[in-house]
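Welcome! Take a moment to look over the sequence and turn the model around before reading on.

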Amino acid sequence: MLGQRPFVLPEAFAWFANLLGIAYVTVTTVLFLFPPELPVTGSNMNYCIVAFAIVLIISTFQWFVDGRKNFKGPQVDAQVLQVDTSTVTNAIAADDDEKIVQ
């Protein structure tokens, strides 16, 4: 789908880096929302959860009001994505033949 690039990560390392990034963002987001000390009172509460909830509510509301009607998504060059279906079919058939032989 992407054209030639000057730098490409090896596929195994790219998957590892992506999964590590997702795990890091998930863990830090959860930990970011915890209170700094117990027991939680109004003066020592972590108000990040309140800000997070407000942004989530506004974003959801905006999606239903305007986003789902007007969001067009990324613009894709159709000529770049055209694939010779016989080549794909032959590649799938060859892959299936290899699995049968093994």
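Predicted model: local features only at pLDDT ≥ 70, side-chain atom pairs only at ≥ 80, totals over all residues.

Residues are numbered from 1 along each chain as its sequence is written, and side-chain values use heavy atoms, with hydrogens and water left out.

Let us begin with the overall plan. The protein chain has 4 helices and 0 strands, and along the sequence it reads α-α-α-α. Helices (H or I, at least four residues) and strands (E, at least two) are DSSP runs, numbered from the N terminus. Of the 102 residues in the protein chain, 3% are buried. Buried means under 20% relative accessible area, exposed means over 50%, and partly exposed lies in between (1.4 Å probe, protein chains only).

Now find the loop between α1 (11-32) and α2 (48-70), where Asn 46 sits. Is Asn 46 buried or exposed? Asn 46 counts as buried because its relative accessibility is 15%. Its side chain reaches the backbone oxygen of Phe 32 at 2.8 Å, and a polar atom of that side chain lies 3.0 Å from the backbone nitrogen of Cys 48. If we leave aside neighbours within four places in sequence, Asn 46 is in contact (heavy atoms within 4.5 Å) with Phe 32, Leu 33, Phe 34, Pro 35 and Pro 36.

Asn 44 lies in the loop between α1 and α2 too. At 14% relative accessibility, Asn 44 is also classed as buried. Its side chain reaches the backbone nitrogen of Thr 41 at 2.6 Å. Leaving aside neighbours within four places in sequence, Asn 44 is in contact with Pro 36, Glu 37 and Pro 39. For comparison, most peptide bonds are trans.

Next, turn to the aromatic rings. How many aromatic pairs does a search of the whole structure find? The search finds 1 aromatic pair. Phe 13 and Phe 16 form this pair, which is tilted, with 6.5 Å centre to centre and 40° between the planes. Rings of Phe, Tyr and Trp (its six-membered ring) pair if their centres lie within 6.5 Å; planes under 30 degrees apart count as stacked, over 60 as edge-to-face and the rest as tilted. Phe 13 and Phe 16 are separated by about one helical turn, because they are 3 residues apart in helix α1. Phe 13 counts as partly exposed, since its relative accessibility is 45%.

Finally, look at Phe 52, which is placed in helix α2. Phe 52 counts as partly exposed because its relative accessibility is 44%.

Notes
Polar contact = N/O pair within 3.5 Å; in protein donor to acceptor, adjacent residues only side chain to side chain.
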